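The following exercises are to be worked through with the sequence and the coordinates at hand. Each task is followed by a stepwise solution.

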Amino acid sequence: MLKFAVLLSVLACAWAGTIPEGLLPQLDGRIVGGYETSIEAHPYQVSLQRYGSHFCGGSIYSHDIIITAAHCLQSVSASEIKVRVGSTYWRSGGSLHSVRSFRNHEGYNARTMVNDIAIIRIESDLSFRSSIREIRIADSNPREGATAVVSGWGTTESGGSTIPDHLLAVDLKIVDVDRCRSDEFGYGRKIKDTMICAYAAHKDACQGDSGGPLVSGDRLVGVVSWGYGCGEVRYPGVFADVAHFHSWIEETARDV
């Protein structure tokens, strides 16, 4: 469930070598075991697009700043990316914005997937309304077992090659980082302190959801990053830990 580009034709994120310590890479994914939702329920959700195709998700941080995953922006230039906001459908509706610049976390490591977070600045300011709204970022992690929701346009099964037009969401539970790397699950030491996990049996983010939001308590707590398969029993979804990166996000959003 390495949540890279959604379509096989989108090569920007489908690069070899993004294998976290031996895990098999797959396309960035779509929600598994979820339900159709609307942009009004997730007005912070955006679609990152390249050559007219959705390839990753993201979250609105301010009028011109988007938070996404660093692995989504490997080997691409700002001029190749568009950001669709304010629509339940990635193909149409809302508004499409050019990207002025972006910055990946300086410590991002494609092998271990640590620091898998990035900031995008779009060319034009967003006008907030019911379908377009920023989300506050977490300054501390939710408790173990807290409810969370992840949304996106990723595939609905591991290894799938088609994505839905309609925005999907799935409800998960937060898994404490120590529990996530315990023997209960299969990751072990691959789970680092820059990561947070979320889990529900046979439910998950998947290919194409990468970079998208994990939200708990109306705060952005995670950025869809990686995992083994999609919805596998012993492998929770793994997200960049937004609380860990709180200061970096604030500083980079000013400077990018």
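The model is predicted, so local features need pLDDT of at least 70 and side-chain atom pairs count only at pLDDT 80 or more, while totals for chains, interfaces and linings use all residues. Residues are numbered from 1 along each chain as its sequence is written, and side-chain values use heavy atoms, with hydrogens and water left out.

**Exercise 1. Confidence**

State the mean pLDDT of the protein and the share of residues that reach 70 or more.

Solution. Step 1: pLDDT is the predictor's confidence in each residue, from 0 to 100. Step 2: its mean over the protein is 85, and 81% of the residues reach 70 or more. Step 3: over residues 1-30 pLDDT stays under 50. Step 4: where pLDDT is low, the predicted coordinates should not be read in detail.

**Exercise 2. The barrel**

Determine in which order the strands close into a barrel, and how they pair.

Solution. Step 1: strands (E, at least two residues) and helices (H or I, at least four) are DSSP runs, numbered from the N terminus. Two strands pair if DSSP finds at least two bridges between them. Step 2: the barrel consists of 6 strands in the order 2-3-4-7-6-5, with antiparallel pairing. The twist from one strand to the next averages 45°. Step 3: strand 2 (residues 45-50) is joined to strand 5 by 5 bridges, and Q49 has K82 in strand 5 as its bridge partner.

**Exercise 3. Strand 4**

Which strands pair with strand 4, and are its faces covered or open?

Solution. Step 1: strand 3 pairs with strand 4 in the antiparallel sense over 2 bridges; these two strands form a hairpin with 4 residues between them. I60 has I66 in strand 4 as its bridge partner. Step 2: strand 7 pairs with strand 4, also antiparallel, over 4 bridges, and T68 stands opposite A118 in strand 7. Step 3: both faces are covered, since buried residues (under 20% relative accessible area, 1.4 Å probe, protein chains only) occur on each: I65 and I67 on one side, I66 and T68 on the other. Step 4: helix 2 (residues 246-255) lies across strand 4, strand 6 (95-104) and strand 7 (118-122), at about 30° to strand 7. Axes here are lines fitted to C-alpha atoms, for helices over the stretch in contact, and angles run from 0 to 180 degrees between N-to-C directions.

**Exercise 4. The disulfides**

How many disulfides are there, and which parts of the chain does each link?

Solution. Step 1: with cysteine sulfur atoms within 2.5 Å as the criterion, the count is 2. Step 2: the sulfur atoms of C56 and C72 are 2.1 Å apart. Their S-S torsion is about -90°, so this disulfide is left-handed. C56 lies in strand 3 (residues 53-60) and C72 in the loop between strand 4 (65-68) and strand 5 (81-85), so the pair ties together parts 16 residues apart in sequence. Step 3: C180 is joined to C197, S to S 2.1 Å, and this link is left-handed, with -85° about the S-S bond. C180 in helix 1 (residues 177-180) and C197 in strand 11 (residues 195-199) are 17 residues apart.

**Exercise 5. S216**

Is S216 buried or exposed, and which residues is S216 in contact with?

Solution. Step 1: S216 lies in strand 12 (residues 213-216). Step 2: its relative accessible area is 10%, so S216 is buried. Step 3: taking contact as heavy atoms within 4.5 Å, and leaving aside neighbours within four places in sequence, S216 is in contact with P142, A146, T147, A148 and V221.

Terms used
Buried means under 20% relative accessible area, exposed over 50%, partly exposed in between (1.4 Å probe, protein chains only).
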